[in-house]
There are 2 protein chains.
Amino acid sequence: MSTTAAAPSRPPAAPAVTTAPPGGGPVAILNAPAVVPRAYDPATAPAAGRSRVILENLVPLVDGGRFAARRSVGETVVVEVDAFTDGHDKVAVALRHRPGATGPWQEVDMAPTENDRWAGAFEVHAVGDHEFTVAGWVDRFGTWRYDLNKRVAAGQDVGVDLAIGAAFVEEAAAATEGDISTSLAGFAVHLRNGPRGEAIEVALGAPLEALMRRHAPRHFVTELPESALLWVDREKARFSSWYELFPRSASFEPGKHGTFKDVIRRLDYVAEMGFDVLYLPPIHPIGRAFRKGKNNSPTAEPGDVGSPWAIGGPEGGHDAIHPDLGTIGDFEELVKAAAGKGIEVALDIAFQCSPDHPYVKQHPEWFKHRPDGTIQYAENPPKKYQDIYPFDFECDGYMALWDELVRVVKFWNAKGVRVFRVDNPHTKPFPFWEYLIAKVKAQDPGALFLAEAFTRPKVMYRLGKVGFTQSYTYFAWRNDPVGLKAYLMEVTQSPVADFFRPNVWPNTPDILPEYLQTNNRAAYVVRAVLAATLSANYGLYGPAFELIDSRPVRHGSEEYMDSEKYQLRHWDGDHSHSLAPLLARLNQTRKANPALQHDRSLKFHTADNGGVVVYSKRHGDNAVLVIANTDPYRTNWSTLDLDLSALGVPADEPYQVHDVLTNARYRWQGNRPVVKLDPNESPAHLFVVRRRVRTEHDFEYFA
Amino acid sequence: MSTTAAAPSRPPAAPAVTTAPPGGGPVAILNAPAVVPRAYDPATAPAAGRSRVILENLVPLVDGGRFAARRSVGETVVVEVDAFTDGHDKVAVALRHRPGATGPWQEVDMAPTENDRWAGAFEVHAVGDHEFTVAGWVDRFGTWRYDLNKRVAAGQDVGVDLAIGAAFVEEAAAATEGDISTSLAGFAVHLRNGPRGEAIEVALGAPLEALMRRHAPRHFVTELPESALLWVDREKARFSSWYELFPRSASFEPGKHGTFKDVIRRLDYVAEMGFDVLYLPPIHPIGRAFRKGKNNSPTAEPGDVGSPWAIGGPEGGHDAIHPDLGTIGDFEELVKAAAGKGIEVALDIAFQCSPDHPYVKQHPEWFKHRPDGTIQYAENPPKKYQDIYPFDFECDGYMALWDELVRVVKFWNAKGVRVFRVDNPHTKPFPFWEYLIAKVKAQDPGALFLAEAFTRPKVMYRLGKVGFTQSYTYFAWRNDPVGLKAYLMEVTQSPVADFFRPNVWPNTPDILPEYLQTNNRAAYVVRAVLAATLSANYGLYGPAFELIDSRPVRHGSEEYMDSEKYQLRHWDGDHSHSLAPLLARLNQTRKANPALQHDRSLKFHTADNGGVVVYSKRHGDNAVLVIANTDPYRTNWSTLDLDLSALGVPADEPYQVHDVLTNARYRWQGNRPVVKLDPNESPAHLFVVRRRVRTEHDFEYFA
């Protein structure tokens, strides 16, 4: 590790110039890890010295509680905490939870797992904020009962012990009312005065134990100083199938600029493939200054349509519609028509401006000005993007800028758009996103945000923490079993999965990965199967994907040749080689199998052949097993090493694997089946796993 | 995982009975993990929205800052934090630290390591509380300089860029005074008006970079809301060699009760072996009621001396001396005589009472009373310990009890005792220890506490967090290379090492492990070498250890036959088979090699033979390599697989390993040497590793 040693004779540190923020209030907590307030001075304030239960290491807890952990409707929230006390006393631990920040708490018993860890769980059903907390105390009655059992087993005289227990029961009777109190009082009499044998039976019996577990007064309870936060999203945050298309290429007439009306006519195509989110690149007016030509040429030819991400022209900015696409009314029509087919329209939020954007004249203070009087264009030195002006988020008027951008998102949300794909969020400040997402969710708690951040992992994770619902991933560059396992396990399990939801894409308009530059159908099939089954959220850029557009602009580039980012394209969806039927089958399978609608159960199994990837997902009784050949050229055989418990299959029973891609059904037994994956026939198996059921006449079937 | 689902129709939770604590104030933070206060509402308070640097995952930070991380004088504290910002801007991160809670902060630059992690370090020299914190900001000048470099390399016109940079330098000139300001102003003129080539040279040159790094004003700095705590112990907390003996067995006359004066006469024996802590079991009056006889017999014979842990009699309690050992004056004499030989006397703090303890009559409210009027004796049902009354730490007068026990420890501390071995701390409340240790350290910051807690790991770790300096470990039961590696790496590395210091003992009066019940000298040699070299803190119970007392009280027990816990023993230290010379050599080696005085550098290497354990430690230029045969019966050969970089040895150079146990020196080259370990000759190598040095005449030596 490279460290810099203290230079003892160094000059005093430079002064920190902190421009006073508008608004005031405690702010440093925004971007820094919290250090727990040390209100408690151990040498002077042992006020709760009898609260002997220790609670440590609560999960889920994101950055010590700075952020809400994320779940979605229908999920079971498992809460864990270390709980223990001094000595041999038994402890009891309760989990409390509630939707919202007010209202009654519900309480759930927690149970020990191993090594002083306790777990409890509850289901969430409402979108929005939830709170949970835990409490622990010494279980006096439980300790007494446990010890009594051992004394009785050792044949000791327990007369005094029964009197001690009677006092606990009497205390509970006094703290309760009605039948419960009467019941407890009756048990106490038994303990105190009953014949010894009967008293012991009562003391160790389940009825008294159940009553005391509920009603024994709790002494010296240890509680968290604050509850932990949970944000619950609607189901689509967890389970969504995205299809991206450029509306301007949607015309049925080659060479003609597509419109929203054309898109409406293509909705059946999208719906038949089973996608439920239709994501459109920016639909706003496009700038003319420094407009890029075809294949990202620095100069546009007459007629070139420019990049939709160079937002803003005389016709308007982020709340306007490109005139060639139609009107705002047409757009609302599209949103409505899509909804009728179970599809949500997702818009692209790209917070940057073309030099022609109205903001440039109306709010020059929102941009950085160079000493020569020009406005600073986007750069990644030495590359220059003169067609794009980034906002200056450090400008003095940043609050007005933030509020305007919030207004833009709320505007589209009010038009029925509830899903937003955010362009390059990692080039705008994290506090801005935290603000914007909170503001939009205050209008629509069901608003969802997909972060298009292809950058360093901690940056991507921070975007999840500040509120992004889903994120693009490195999936496009994970093509071998080792890389797939390492990455997918990182992003589908805690702690990352508590604030980050992967949305995996085999391609995007910016990314035609080398693996897909081969015009090899098997490669596309494998990537589609992996995307649709590894992650409950996935998407692809079409029709480029299903029509196997595999030409890069040049060798070594991941950019498409004749990219739609800079020109119109015309797609012939009726091609016989189209993967649309495969995609339809995949999305159908996703809808039919709850296992594919959640990520946390993802489990990788072992294949003897290192070119074969094997994994499963399971939800309740539903289990899915995927086996894919990551080599798109060569047939691979492999013996597998399955963890049958992850499939819910008894080790000594036969089971059925039903390939939904070929409809073949195999009867397997044991954990070492052999598979053959031929790229030309079936490069992947997508198996639904069924357990054997025996009928009374000893017939069998698989369900 | 076993969880309990929420029962929707369950009755309301039982009422929590919380007796109002004396003192008041916020208390729940005592025993529960903190959840970060959510003072910041993202939807309403973006006041510091321009503080764009994110700081995450600060280490060392124990339980989110609830506890101080622990270091010792002379250690280098490495602080790490994730730091990044949006976009492509460079960030700068500073580490600030200071001893105490007031006074000037020192600042150290942090440097990036990998994956957005930053590290910085400082040394600690003072015992007591320290604070540290980190701050991060966008490095405007650094970003500009980095970009300029790329622009220049691409042959771009950088006229406007130089003007931008000049403004940064002018801002720094305005914020500074004297020569520095003049220097900066001069550079700014160069940038703005100098010939282009010279201006670029100045812009990219080291002198300007160095000045700007120190003096560029910082904008929108992200700081932690609170600093993190560090407790720095004196060196003995990190590096100590303990020897335990029973003073009552110290007489030179068999059958006679030993005295402190006898112990003084044995100090040379201890000092010659090189131990620096002499730990005495309790030295207080011993109770007579229910006194245990020899070999823990439930009934004592006349003349039986009882267990020193049954503390208290008519002669006094925890602040009194057993009359047969001598007087308080004799004790003070012993402490002084030991100090003269570089040995600290450690006392045993066993907070429990015999039925004859003065507290029982003076403070019956500190004990639990049974319904039959008797006081509750110690139990682990069905086992009963009628000779011991535990305190009732839940009693109403618990604060008076706590303060009395604090008084006891301070009393001995005032008599010159600065090291305390605490008996069974895990059976007393954690808040009590946090209070007691804080109070004693307020009197003597150099007071050290060794926790005798052989219990579950999280309980042991919590004791470290609340203030114990060192802890006994599972070392006695880790006898194979796999178990040794797993356990020692857990307790010598962060996060555990931030609050827990292992003190490894091959035996104690309570633990004669099965491995040592064989009367096999090699087993003792191996365990001594491992203890003395795996951990900078170690100890043993003598003379039982060096005289190879290996008889258990019965098969399957770890108790010694004729244990000194219940009777006097007479030891003949002049035995020819004594391991005292080996222990002297080990302690000498520990003193001579700084590598053995620290734990964090511990590194396990691989041996092809699974019965051989190999590890190294390194501090600066000093490296030690230990290779031990864990099979005390059989000669083991093994090829090793050494990580030479951990030894500081260049891969292509010969090096010398000098066995301090046999004085043999071997010249090795490469990472695959072969060793032979014969239990009857040399069951372990303790090598000092020396690198080759070449003289000008091409002679070589190893240093």
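**Salt bridges in close-up**

**Figure 1. Asp82(A) is buried, with a relative accessible area of 3%.** In this predicted model, the side chain of Asp82(A) meets that of Lys458(B) in a salt bridge, with an N to O distance of 2.7 Å. Asp82(A) belongs to strand 4 (residues 76-84) of chain A and Lys458(B) to helix 11 (residues 457-466) of chain B, so the pair joins two chains. Lys458(B) is likewise buried, at a relative accessible area of 16%, the cut-off for this class being under 20%.

**Figure 2. Lys261(A) and Asp330(A) form a salt bridge.** Their closest N and O atoms are 3.3 Å apart. Lys261(A) is exposed, with a relative accessible area of 51%, whereas Asp330(A) counts as buried at 16%.

**Figure 3. A salt bridge pairs Lys292(A) with Asp387(A).** The closest N and O atoms of the pair are separated by 3.7 Å. Distant parts of the chain are again linked: Lys292(A) is placed in the loop between strand 14 (277-280) and helix 8 of chain A, and Asp387(A) in the loop between strand 18 (383-385) and strand 19 (389-390) of chain A, 95 residues apart. Both Lys292(A) and Asp387(A) are buried.

**Figure 4. Arg52(A), Asp86(A), Asp89(A), Arg140(A) and Glu394(B) belong to one network.** These residues are joined by salt bridges that share partners. Over all chains, the structure holds 111 salt bridges.

Conventions. Residues numbered from 1 in each chain as written. Chains lettered and ligands numbered in written order. Predicted model: local features only at pLDDT ≥ 70, side-chain atom pairs only at ≥ 80, totals over all residues. Heavy atoms only, no water. Salt bridge = Lys/Arg side-chain N within 4 Å of Asp/Glu carboxyl O. Helix = DSSP H or I, 4+ residues; strand = E, 2+ residues; numbered from the N terminus. Buried < 20%, exposed > 50% of the residue type's maximum accessible area, 1.4 Å probe, protein only.
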